[in-house]
Amino acid sequence: MRGERHSARDAAFALVAALAFLFVPATVPRAVAAEELRLTVAATYTLDPEDGAVHVLMDVTATNLKPNTRRGDIITSYYYNRLSFGIQAEATALRATSGGRRLSATATPRDSYKVLNLRLASNLDYRETQRIRITFDLPAGAPRSDSDIRVGEAFSSFYAWAWGDPGRSSIAIVIPAGFEESVNGATLKRVANSTQIRLTADAIADPDTWFVTVDAARPDKLTRDRVAIPGGAHLVIRAWPEDAEWRTKVHDLIERGLPKLQENIGLDWPVDGDVDVVEVHTPLLEGYAGVYYTESDRIEIGEDLDDLTILHEASHAWFNGDLFDHRWINEGLADEYASIVLAALGEASGYPDAVTPRSPDAVPLNDWEHPGRIDDEETDRRETYGYNASWTLLRALVADVGIDGMRRIFRAAEEDQIAYRGEPAPERYAGSDDWRRFLDLLEEVGGSTEAERLFRLWVVESHQVPLLDDRAAARKAYAALLESADTWAAPYAIRAKLSGWDFDRAETAIDDAERVIAAREAIEARTAALGISPTGALETAYESAKSDLAAAQDLAEKQVATLDELAEARAALDAERDLFTSVGLVGNEPDAAWASALGAFRADRLDDATAAAADVEARIGGAAELGRTRVVGAVGATGAGLLLGGGLVVVARRRRRRDAVPPSVVGSGPYATLPPPPSGARERGDDFK
């Protein structure tokens, strides 16, 4: 407190003038101008894990710079008899001395600090200097307490302020050797030796706003409980030695919950080696309750002991970008599966806060990205929405598909299987594991009927809506193809394009496939008419098409053409034959050629089948002329009759009535008289000589 002394020949008195408040942080106003009171403060913070506190020492040098004034016979002198400082709200064990004398020191709580009031041992007059030593402790707050200070054997965290005039303030922070310190805020110089680490800042330009947080860790002092889970999982619980509750709770929940997580997910434990589960001072998680570092297989969980968080982070062993890329997929799955397991364990399972895509802080989940840290209200609101929206969505999808359906989806994702299935085994998918693949797997592998609607509602950004429209049209055409194809599996040439979301080319391929199916119907009709069955060649060509349907289309067209040739050959075989055709076919039966044609078709030798069918027609077509030739030749050679082809009588001379035969002929061998040869017959050669 600054006071005034007035002196005159007849009177002297003192008046209180003002309070000298020098507070930190900046929210605490400073009311005394530096030209009136000079304060030099050297502060030292000493971390003492054994005592469970940070010891603070302030060496204050105060000099009164307010000169006396005189008005006429009245002289006014100014002095200070009190000093005030803003100190940390957690401060205890306050003590102040000056020249070996204990000073009166009291602390008055404010919203986020305390006001330390000191009564000086004597008035501080103009140009006088007093040195005051102030000490207090910043005791460790218990785990899960409101205090920001932790002081323990394995971990400590505290914050430091500065006091004094600009350029006359200095800070030293002393940490025992063996700790690994991390400092945020102002810049400090570091000097270390075998016993301590010393961090310093001198001539601080703006002590009122100067601020640092110090975190010091000794990982080797953390507890170490290794948990072996059936199925190959090994986790090491690393807790603060002072926090047995956290250690016991996390150990128990991991041991009971992890097997059920693995059972519900349906995949083997994916991590080789140990996963460290480490207790962390919650503020260090920068607004989050837990973090899984996949590169180092380290889970950090805040001291707050939230069951959902513990299992949520454990589930990130699976849900971490290996199966699916998008943040909302992995966070939503982690929340939902942690909730499912907690319910199975008989614990409170939790549920997402009520949000909708029209909530004030809503964003399409495809636009929900990791902010790095939560350090403002807008980011906090956005993160809160993202977590609740992703959990809400995944809860709906899991309910739609079911646990078994989700197991199939996870297996397909892990094994990089294509979503659109053919026969026999799913091909490998080499594309991105993004939201589009997740949607395909939900519908094609999981059997979801709600996924597309929910994606439109919660997930996609406005520019992605037309892509879903194109997908819907292509899938409609694909569904129609599957129905018309019946038992024939869709070819990879189509399924790969659908999986790659190349919908224009997919629809072109579907049109080509429909033409093959139409040809199949024509083939089935033709083969049925012929009394035979289609071969499996076209089905094989169709189902095995890799890049396009050209080969299957060509085969279909060729089969139709071949069957048309066979039909014509069959018609020729089945047609009525006149005498000359029958004679012409003796010894040159077309049935053998027909059998050859059918055999070639059944063996998928279409060229041979076509040739054999043509041979059938050629034989039948040339038989009439050949028969006529044979008939005429036979008559000329034998007169009365001729046995052809091993006994077939093709012509006989009309006999006279028995009673008209001359007696001289009766009983004799047969005799015949040839009729005159046909015109030009003699030109054929020796047959008629």
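The legends below describe close-up views of a predicted model.

Because the model is predicted, local features need pLDDT of at least 70 and side-chain atom pairs count only at pLDDT 80 or more, while totals for chains, interfaces and linings use all residues. Residues are numbered from 1 along each chain as its sequence is written, and side-chain values use heavy atoms, with hydrogens and water left out.

**View 1. Packing of helices α5 and α6.** Helix α5 covers residues 435-444 and helix α6 covers residues 451-459; helices (H or I, at least four residues) and strands (E, at least two) are DSSP runs, numbered from the N terminus. Their axes are 9 Å apart and meet at an angle of about 150°. Axes are lines fitted to C-alpha atoms, for helices over the stretch in contact, and angles run from 0 to 180 degrees between N-to-C directions. α5 and α6 are therefore roughly antiparallel to each other (angles under 35 degrees count as roughly parallel, over 145 as roughly antiparallel, 65 to 115 as roughly perpendicular and the rest as oblique). On the α5 side the contact (heavy atoms within 4.5 Å) is made by Trp435, Phe438, Leu439, Leu442 and Glu443, and on the α6 side by Ala451, Glu452 and Phe455. By class, this contact has 6 nonpolar, no polar and 2 charged residues (Ala, Val, Leu, Ile, Met, Phe, Trp, Tyr, Cys and Pro count as nonpolar, Asp, Glu, Lys and Arg as charged, and the others, Gly among them, as polar).

View 2. Glu423 and Pro424 are joined by a cis peptide bond, with omega about 0°. Pro424 lies in the loop between α4 (377-414) and α5.

**View 3. Strand β12 and two of its partners.** Strand β5 (residues 53-64) and strand β12 (residues 129-139) run antiparallel and are joined by 11 bridges; two strands pair if DSSP finds at least two bridges between them. Met58 stands opposite Ile134 in β12. Strand β8 also runs antiparallel to β12, joined to it by 4 bridges. Ile134 of β12 is the bridge partner of Ala96.

View 4. Ala93 is not a glycine, yet its phi is positive, about 55°. Ala93 belongs to strand β8 (residues 92-98) and is exposed, with a relative accessible area of 54%. Asp604, also not a glycine, has a positive phi of about 65°. Asp604 sits in the loop between α13 (591-602) and α14 (606-638) and, at 36% relative accessibility, counts as partly exposed. Buried means under 20% relative accessible area, exposed over 50%, and partly exposed in between (1.4 Å probe, protein chains only).
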